[in-house]
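User: Can you walk me through this one? I'll ask as we go.

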Amino acid sequence: MSEDGQSAATESTDETSEPTSGKLVELAKRRGYFFQSSGAYGGVGGFYTFGPQGAALKGNVEDAWRDRFAVAEGNMEIDAPTIMPEPVFEASGHLDGFDDMLIECPDCGTSSRADHLVEDNTDYEDAESLPIPEVEEVIAEYELVCPECGAGLADVAVENFNLMFDTNIGPGDADPGYLRPETAQGIFVEFPRLKEYARNQLPFGVTQIGRAYRNEISPRRSIIRTREFTQAELEYFVDPEEDEPDLESVADVAVTLYPASEQNAEDGSEIETTIGEAVAEGIIGDEWVAYFLGVAKPWYESVGVDMDRFRFRQHLAGERAHYAADCWDAESEIDGNWIEMAGFAYRGDYDLSKHGDHSGDRFTVFKQYDEPQTVERATVDPDMSYLGPEFGGAAQAIVDELEALAARDRDAFDGETVTIDLEGETHEIPLEKTGFAVEEETIAGEHVTPHVVEPSFGVDRLVYTVLHHAYREDEVDGEERTYLDLEPEVAPTFVGVFPLQNDAELEATADEIVADLREAGLSVTEDDSGNIGRRYRRQDEVGTPFCVTVDYETIENPETTVTVRERDTTSQKRLPIDELAETLAAIRTGDLAFEDL
RNA sequence: GCGCGGAUGGUCUAGUGGUAGGACCUGAGCCUUCCAAGCUCAUGGCCCGGGUUCAAAUCCCGGUCCGCGCACCA
């Protein structure tokens with residue numbers, strides 16, 4: 001976590017320019033946000049447990065995402081299994097595409113892609129499709145060497161490494177399955193049924209919040225890169241020819257963009273613009289992607305991402321999947337490094353077409369024309385009682401050719417006989433034996449494969465960013481203080497309730513208040529230990545926005561008020577107990593501000 | 001997976017070939033009429049497995065985990 005070099009790459013924006021990751025990870029461990037899993041058994045790499053505060057924060061973030069991307073957009077949410085059978089991943093391309101052949105140099109230890117080595121140094125073009133023993137043979141035959149140190153790689157084993165966790169479905173290994181490497185496939189696979197729920201009307205969107213698994217070679221940076229993580233994904237299915245996003249509603253959203261052209265430029269930099277302008281100037285190539293960027297930005301802000309440390313970065317041509325026309329990431333800055341929090345991709349019909357090809361089902365939507373179209377169609381209905389005896393085994397081939405010919409060249413049926421060329425031989429078929437006819441057909445519509453726009457969010461990285469961007473250090477009355485400036489909407493604990501001192505009467509009143517607030521649906525913690533300042537600091541450190549203190553005025557005053565203390569400013573106001581729950585609930589939903597009390 | 005560095009109560013850390021000390025936290029009590037105060041007491045630890053040794057938390061080897069760099073990140 002060195003400061004040099006890294007922080008120079010980006011202009012840090014505020015008082016937290018000093019790296020805080022170390023301190024944050026320590027706080028997260030101590031206060032129950034997240035920590036290494038299975039610690040009692042030595043820990044396991046790339047797996048983290050969200051503690052009591054972390055699970056609540058993550059849940060709140062997921063709820064906020066659901067409100068915005070499912071409920072507010074009118075999309076439907078599903079919950080698919082995390083394990084799916086092998087054919088799903090054959091179709092999706094993960095079985096091949098996620099599979100790397102690695103070969104490790106015995107001398108210098110460098111790992112290289114064995115298939116790339118072969119392709120670069122031999123005439124083989126698609127080494128990835130070769131079985132491993134054959135790749136090993138080729139390496140030995142061509143005496144390929146390590147690209148780093150030049151050591152010979154003949155007789156070095158090629159390891160197959162697939163980033164997917166595999167398992168067996170049921171007993172034995174006849175039915176392999178995989179833990180999904182992204183939640184998206186669970187949506188795509190169910191498309192034929194989901195489109196029924198959408199009553200075959202495009203556009204429609206399906207969301208899913210769930211776990212995905214990748215057996216990363218090297219998990220890093222606490223919960224930034226783990227082997228099990230949570231995604232919140234929206235697959236939005238559109239008719240590419242007709243559907244258009246409501247760009248107007250997000251046109252004025254101000255965004256920081258880092259387009260590919262700027263990344264490639266010598267002195268490129270981020271661009272401050274609006275969604276509307278970026279589309280007008282062609283910076284964002286796809287309007288759907290632009291729309292969801294416009295939805296995402298204010299949402300990120302609402303859950304507490306610092307907009308001075310946030311940008312959308314366009315994928316460079318090289319990092320884009322081949323089917324993606326345009327792709328942007330949402331990135332946040334953590335100690336001078338930009339990390340990817342979400343990807344917004346226009347995936348075309350790639351996914352649905354693949355599943356349509358590989359499965360027996362139809363991954364299309366029937367699109368009705370405004371007016372039914374009448375077309376003339378030439379058909380044949382061959383007389384098999386003639387063709388069979390006449391041509392024997394070739395009869396079926398002749399039928400196929402007649403059908404093809406009718407579609408291709410109606411004029412061929414103008415004469416007394418029809419001429420068929422079949423494997424060099426010419427056959428004359430009497431016209432009346434072909435059953436040729438031109439019919440009028442009414443076509444009500446067509447089957448179209450929808451295109452997919454995919455906003456895909458990493459929830460863990462977002463939670464990490466929210467914590468990191470909320471981390472604050474300041475001084476209160478000369479004492480150092482650490483607090484988390486979490487948005488009330490996502491803060492895991494919303495209010496702490498304290499009796500000012502050890503006093504049965506104060507404690508009894510505090511108990512009643514706690515019960516009231518909990519009944520109002522607020523997340524409440526009660527604390528009567530130590531002096532009042534310590535209790536305030538405790539809540540500051542987990543980011544609890546408000547604390548209520550029951551003092552002697554509360555039990556003496558007929559109006560029975562308590563103090564409400566706000567976390568960031570530590571300022572206090574007195575509120576009547578009977579208005580407390582209602583007022584705090586309104587603050588949490590954003591309908592009321594503490595300053596206005 | 002490779003290289004470098006690291007691992008001591010919940011957290012942060014001191015330390016030596018002779019079985020560990022501090023600070024903070026936490027709990028109990030006293031005190032206390034609003035911001036980590038004070039006093040008393042208490043709980044709690046050498047990452048795991050081998051080896052060397054009379055003796056290993058310390059030295060050696062292997063592993064696990066963490067951080068960083070490389071590679072990887074459809």
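Analyst: Cysteine 547 is buried, with a relative accessible area of 0%; buried means under 20%, exposed over 50% and partly exposed in between, with a 1.4 Å probe and protein chains only. This is a predicted model, where local features need pLDDT of at least 70, side-chain atom pairs count only at pLDDT 80 or more, and totals for chains, interfaces and linings use all residues. Residues are numbered from 1 along each chain as its sequence is written, and side-chain values use heavy atoms, with hydrogens and water left out.

User: Is cysteine 327 buried or exposed?

Analyst: Cysteine 327 is buried, at 8% relative accessible area.

User: How many disulfides are there?

Analyst: The structure has zero disulfides, a disulfide being a pair of cysteine sulfur atoms within 2.5 Å.

User: New topic. Where is serine 92?

Analyst: Serine 92 lies in helix H3, residues 86-92. Helices (H or I, at least four residues) and strands (E, at least two) are DSSP runs numbered from the N terminus. Serine 92 is buried, with a relative accessible area of 11%.

User: What is serine 92 in contact with, leaving aside neighbours within four places in sequence?

Analyst: Gln185, Tyr350 and His355; contact means heavy atoms within 4.5 Å.

User: And E22 and E23, in what sense do they pair?

Analyst: Strand E22 (residues 471-476) pairs with strand E23 (residues 479-484) in the antiparallel sense, over six bridges. Pairing requires that DSSP finds at least two bridges between the strands. Arginine 472 stands opposite tyrosine 483 in E23.

User: Which residue takes a positive phi in that hairpin?

Analyst: Aspartate 477, near 50°, in a hairpin with two residues between the strands.

Conventions: Chains are lettered from A and ligands numbered from 1 in the order in which they are written.
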